[in-house]
Amino acid sequence: METKIIKFNKGRIITLLLMALAFVIVSIFIITQPIKIPSLLKYLAGVLGILFFGAVFITMILKLASNKPAIIIDDKGVTDNASGVSAGLIEWQDILGVEITSVTNQLFISIYVRNPEKYMQNISVVKKWMMKMNQSIQGTNINIPKTTLGDDFDELYKLLVLELQLRNGDKIA
């Protein structure tokens, strides 16, 4: 199989970066300004906003600074670097199927694997928690977001389906 590389959509990464920065600023505003909501709720919302959107901001900075492609497809499998909780190399023999899923109007390519726990080994506690959250919401812990790929999203999905059909010996119409 010829190696296929899908790069990040830098325009979308920059947009996500700016949106995350805006939400960090709003979260700081919530904490520092007199708003007529209970203090504990105000600080909790502000701190959680800063932590979550700060993490998104840092992740997008790292994606922009890195030369790593978002996705690599080769004979070994699919190497996922597309999100903040990327799975790394997902071997072909582990992949049961793929589908396009949607969570709060955001599209993902969800990759279902034989042993999801395998892809949660040797990662940080935070990343493991996020992958478990993904699994509870989407049924799998491996989800490639459209937001970082742009127009290559549909091409990637078709390529994965075709490659799985070929590897499983399915008839292709």
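Me: Buried means under 20% relative accessible area, exposed over 50%, partly exposed in between (1.4 Å probe, protein chains only); which of these is Met 130?
Reply: Met 130 counts as partly exposed, because its relative accessibility is 33%. This is a predicted model, in which local features need pLDDT of at least 70, side-chain atom pairs count only at pLDDT 80 or more, and totals for chains, interfaces and linings use all residues. Residues are numbered from 1 along each chain as its sequence is written, and side-chain values use heavy atoms, without hydrogens or water.

Me: Where is Met 130 found?
Reply: Met 130 lies in helix H3, residues 125-138 (helices, H or I, of at least four residues and strands, E, of at least two are DSSP runs, numbered from the N terminus).

Me: Turning to strand E7, which way do its residues point?
Reply: In E7 (residues 142-145), Ile 142 and Ile 144 point one way, while Asn 143 and Pro 145 point the other way. All of these are buried.

Me: And how many bridges join E6 to E7?
Reply: Four bridges link E7 to strand E6 (residues 106-113), and the two run antiparallel. Ile 111 is opposite Ile 142 of E7.

Me: Which residues have the most contacts inside the largest nonpolar core?
Reply: They are Ile 71, Ile 111, Leu 149, Leu 156 and Leu 160, in a core of 29 residues (buried Ala, Val, Leu, Ile, Met, Phe, Trp, Tyr and Cys joined through side-chain atoms within 4.5 Å). Helix H4 (152-168) is among the elements that each supply at least two residues of this core, and H4 gives its largest share, four residues.

Me: What does Leu 149 touch?
Reply: Beyond its neighbours within four places in sequence, Leu 149 is in contact with residues including Ile 6, Ile 71, Ile 144 and Leu 156 (contact means heavy atoms within 4.5 Å).

Notes: Two strands pair if DSSP finds at least two bridges between them.
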